[in-house]
Amino acid sequence: MKIGIDKIGFYAPHLYLDMTKLAETRNVDPDKFTIGIGQEKMAVPPMTQDAVTLAANAALKILDEADKQAIDFVIFGTETGVDSSKSAAVYVHELLGLNPYARAIEVKQACYGATAGIQMAKGHIAMNPESKVLVLGSDIARYGLSTPGEATQGAGAAALLISADPHIMALEDESVYFTADVMDFWRPVYSDEAFADGKLSNEQYIAFFSEIWSRYKEKSGLDLKDFEAITFHLPYTKMGKKALKPVLEEADANIQERLKTNYQVSTGYNRIIGNVYTGSLYLSLLSLLEQQNDLEAGSRIGMFSYGSGAVGEFFTGILQDGFREHLQVKQHHDMFTSRKEVTVPEYEAIFEEKLPTDGSTIKLDINNDPAAICLGGISDDKRQYVNKLQ
Ligand code: COA
């Protein structure tokens, strides 16, 4: 039985910051951000969006009524969840009106959570072929104003519907995963900004890819020529390029060219959104699927997932006949192009806004947020979510 990605969608908040303007304000050469790091725009989440609403908005765009009834498992990968006990998946389940006979859980391992969710979903569908699983990867990447990580912030959510006989991509069984205790990036429970040893995280990402790729080749008997493209978790778009470069030497010039070209296409959406942590690999996959018009059914796509701390995994999928008809190219294009630019001072003011943590009530103005699903406020220590369509 084939199991894989039946639908895939992405949601980004409606505000963005131009990286050239951020560079100028920080007295940095803009080429460092746009070329050295590889980011053009950064999604800026208003107070009315959090990990729950971003994910719910992403899923809303891809699910029909039949999906909502068939989904019996919601797996929410995030490292910026809103509650230490209640899973973000339960909120999304309610906001979308999903079948009540469902499991709903949150999965955490930095940027790797959604990948763990996909593998769990695959096992669940193998046991229950009629069911569908909604996997979400949703985060707000925050490092702090004027920090080295500032240029690699962003916000957004990927939603993937995993099912039998998928319309977009069948996942293959061979996969290699690897864990090692590394303090390259972490966020203690008392902080709403991440701590990162940036250089170490770059090194570890590259080392994990190299280790996992070698093992994958041994286990699968495949090599670079068997891949149309390899997509990466992209904390910033230069990162995957750094990991791919040494490995490319294994292939002849034509294959190197194909993989380099497709890598470039796979970074397109990430360049204008920034880091979205758990959803980042899937934003890159989406960028490739929606922007590379030469892709053909039957092609094998590699996916490298990396969650600092650290867990990495390389897994693969085969594009299915007619996969293009199940993509939402126009909808994503419209969403990205209708966003509103904010100035650096506006971005800084939004960044500094904080929800109360002392139990007081806040009512947020959701009229300026075009999203269907918003955070309306907090009262009695409970987040008040609003689905404007209900
Ligand atoms: N023109 C073009 N490129 C330039 C440049 C300029 N004027 N100035 C610098 N660069 C290049 C550097 O050569 C470097 O490229 P390289 O990595 O290929 O060598 C790149 O821009 C970044 O410069 P660097 O000095 O290393 O940046 P930094 O110390 O400010 O931090 C990160 C970069 C990614 C470490 C930092 O943003 C960070 O900590 N991010 C969060 C953690 C993260 O995303 N980790 C990734 C793995 S999960």
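## A loop residue with a positive phi

Ser-146 is placed in the loop between β6 (132–141) and β7 (154–164), where helices (H or I, at least four residues) and strands (E, at least two) are DSSP runs numbered from the N terminus. Although Ser-146 is not a glycine, its phi is positive, at about 60 degrees.

This is a predicted model, in which local features need pLDDT of at least 70 and side-chain atom pairs count only at pLDDT 80 or more, while totals for chains, interfaces and linings use all residues. Residues are numbered from 1 along each chain as its sequence is written, and side-chain values use heavy atoms, with hydrogens and water left out.

## A cis peptide bond

Gly-309 and Ala-310 are joined by a cis peptide bond, with omega at about 10 degrees. Ala-310 belongs to the loop between β12 (300–307) and β13 (311–319).

## The shell around the ligand

The ligand is surrounded by 19 residues, of which the closest are Lys-32, Pro-148, Lys-199, Lys-238 and Lys-242; a residue counts here if one of its heavy atoms lies within 4 Å of the molecule. Because domain 1 (3–168 + 327–387) and domain 2 (171–323) both give residues to this shell, the ligand lies between them, the domain bounds coming from an automatic or database domain assignment.

## Polar contacts and burial

Which polar side-chain atom lies 2.8 Å from a nitrogen atom of the ligand? That atom belongs to Ser-201, and the pair is a polar contact, meaning a pair of N or O atoms within 3.5 Å. In the side chain of Thr-152, an N or O atom is 3.3 Å from a nitrogen atom of the ligand, and in the side chain of Lys-242, an N or O atom is 2.3 Å from an oxygen atom of the ligand. Taken alone, the ligand exposes 960 Å², and the protein buries 71% of that, with accessible areas coming from the Shrake-Rupley method with a 1.4 Å probe. Elements that give two or more residues to the shell around the ligand are α2 (30–37), α7 (198–220) and α8 (237–248).

Note on methods: A polar contact is a pair of N or O atoms within 3.5 Å; within protein, one must be able to donate a hydrogen and the other to accept it, and residues adjacent in sequence count only if both atoms are side-chain atoms.
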